[in-house]
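Work through the exercises below with the sequence and coordinates open. Try each task before reading its solution.

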Amino acid sequence: MTTPCTNLHLFVDGELSAPDAEVFRQHLGRCPECEAGLRELLQLELLASRALGGSASVAEPPPAKVTPLRPWMQRMSRTVVPVALAAGLAAVGVFRLQTQPEAPTDVWLAGADVRTLEARLSHPMADRFRPYEPMRGTSGAANPLPLRPLAELEEQQDFRGIAAAYALRGDWQQAESFLARAPASADRDNDRAVVALSGQRWEEALNLLGGALRQEPRHAQALWNRGLALRGLGLLKQAEASFRDVASLPGQAAGWQVAAEKRADEMRALRDAEAARWQRRCGRRGRSSPRRRRMRRTWCGSSPR
């Protein structure tokens, strides 16, 4: 069933007939949702106009997986009908063309009480410490990306920032695509490793983190993520050492230091538990049958790592 709210984009694009446009204008003055939607479309149109008004630059086309923002805004800028916009603004009594930018914390979920991503991203706004709770599904529906600041980030070519925003919402394909557009750096290698960790590609993540740490040996996020990758491979001793390295770094939030020490202690406890199981299984000596000796050699060829 068609409702007046479904005509917002048609109204903005000037595709409604004169009677339908008049009906929508009357509806607009009584509908807070449509009023908010109109303001959002105006924000994007103004942003597109400002971007198109600057000096043109030749840029490489984005990868196929990326959902580009600028072409959509360019099409919108070309199709917006000024008369329809003016009438819509008059209907709601809004003549302000300046709008307050949305808080950047909305982009990186920095205002949340917990973090749902165990790995650490390099973007400062995405690396604020909060207690960890595993992500259940994706958080994109519950925390949609605000379009205007996202478009501004793309204008600034802050591709790592955009990738971090998508990663925090579990959209790994978009995160990986935007990271491909970011310049090479230790931070980019770290964030690409976070994408690999999300798919349990432990060795790929370790290779990327090795590159990051060769560039910046005291890269806190890379050391943390290396501990996660080593844990995934079952290399608990090395994972413990990596988390200890994080805890020893100066100048970071106390929460990250405490969390790193906790992860290191967990690795030590897992190692001790494995060593105890190995000792129970393989530590007994005495006379035994050839079959039991063969089984012991199979089970106990080496001690746990």
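This is a predicted model: local features need pLDDT of at least 70, side-chain atom pairs count only at pLDDT 80 or more; totals for chains, interfaces and linings use all residues.

**Exercise 1. Helix packing**

Determine how H10 and H11 are oriented relative to each other, and list the residues through which they meet.

Solution. 
- Step 1. Locate the helices. H10 spans residues 186-198 and H11 spans residues 202-215.
- Step 2. Take the geometry. The axes lie 8 Å apart, and the packing angle is about 165°.
- Step 3. Classify. An angle over 145 degrees counts as roughly antiparallel. H10 and H11 are therefore roughly antiparallel.
- Step 4. Assign the hand. The crossing of H10 and H11 is left-handed.
- Step 5. List the contact. H10 brings Ala186, Asp189, Asn190, Arg192, Ala193, Ala196 and Leu197; H11 brings Trp202, Glu204, Ala205, Leu208, Leu209, Gly211, Ala212 and Gln215.
- Step 6. Sort by class. The contact of H10 with H11 has nine nonpolar, three polar and three charged residues.

**Exercise 2. The second largest pocket**

Describe the volume of the second largest pocket and the residues of its lining.

Solution. 
- Step 1. Volume. The second largest pocket holds about 300 Å³ of space.
- Step 2. Lining. It is lined by 14 residues, and Leu117, Glu118, Ala119, Leu197 and Ser198 are the closest to its centre.
- Step 3. Elements. H10 and helix H12 (220-232) each give two or more residues to this lining. H10 supplies the largest share, three residues.

**Exercise 3. The cavity**

How many cavities of 30 Å³ or more does the structure hold, and which residues line the largest cavity?

Solution. 
- Step 1. Count. There is one cavity of 30 Å³ or more.
- Step 2. Volume. The largest cavity has about 40 Å³.
- Step 3. Lining. The residues are Leu121, Ala163, Ala164, Ala167, Trp172, Ala175, Leu179, Asp191 and Val195.
- Step 4. Elements. Helix H8 (159-168), helix H9 (172-179) and H10 each give two or more residues to the lining of the largest cavity.

Technical notes. Residues are numbered from 1 along each chain as its sequence is written. Side-chain values use heavy atoms; hydrogens and water are left out. Axes are lines fitted to C-alpha atoms, for helices over the stretch in contact, and angles run from 0 to 180 degrees between N-to-C directions. Helices (H or I, at least four residues) and strands (E, at least two) are DSSP runs, numbered from the N terminus. Angles under 35 degrees count as roughly parallel, over 145 as roughly antiparallel, 65 to 115 as roughly perpendicular and the rest as oblique. A crossing is left-handed if the near helix is turned anticlockwise from the far one by less than a right angle, and right-handed if clockwise. Contact means heavy atoms within 4.5 Å. Ala, Val, Leu, Ile, Met, Phe, Trp, Tyr, Cys and Pro count as nonpolar, Asp, Glu, Lys and Arg as charged, and the others, Gly among them, as polar. On a 1 Å grid over the protein atoms alone, a cavity is a set of points where a 1.4 Å probe fits but cannot get out, and a pocket is an open set with protein on both sides within 12 Å along at least five of seven lines; lining residues have an atom within 4 Å of a point. Grid points are joined across faces, edges and corners, and a volume is the space filled by probe spheres set on the points.
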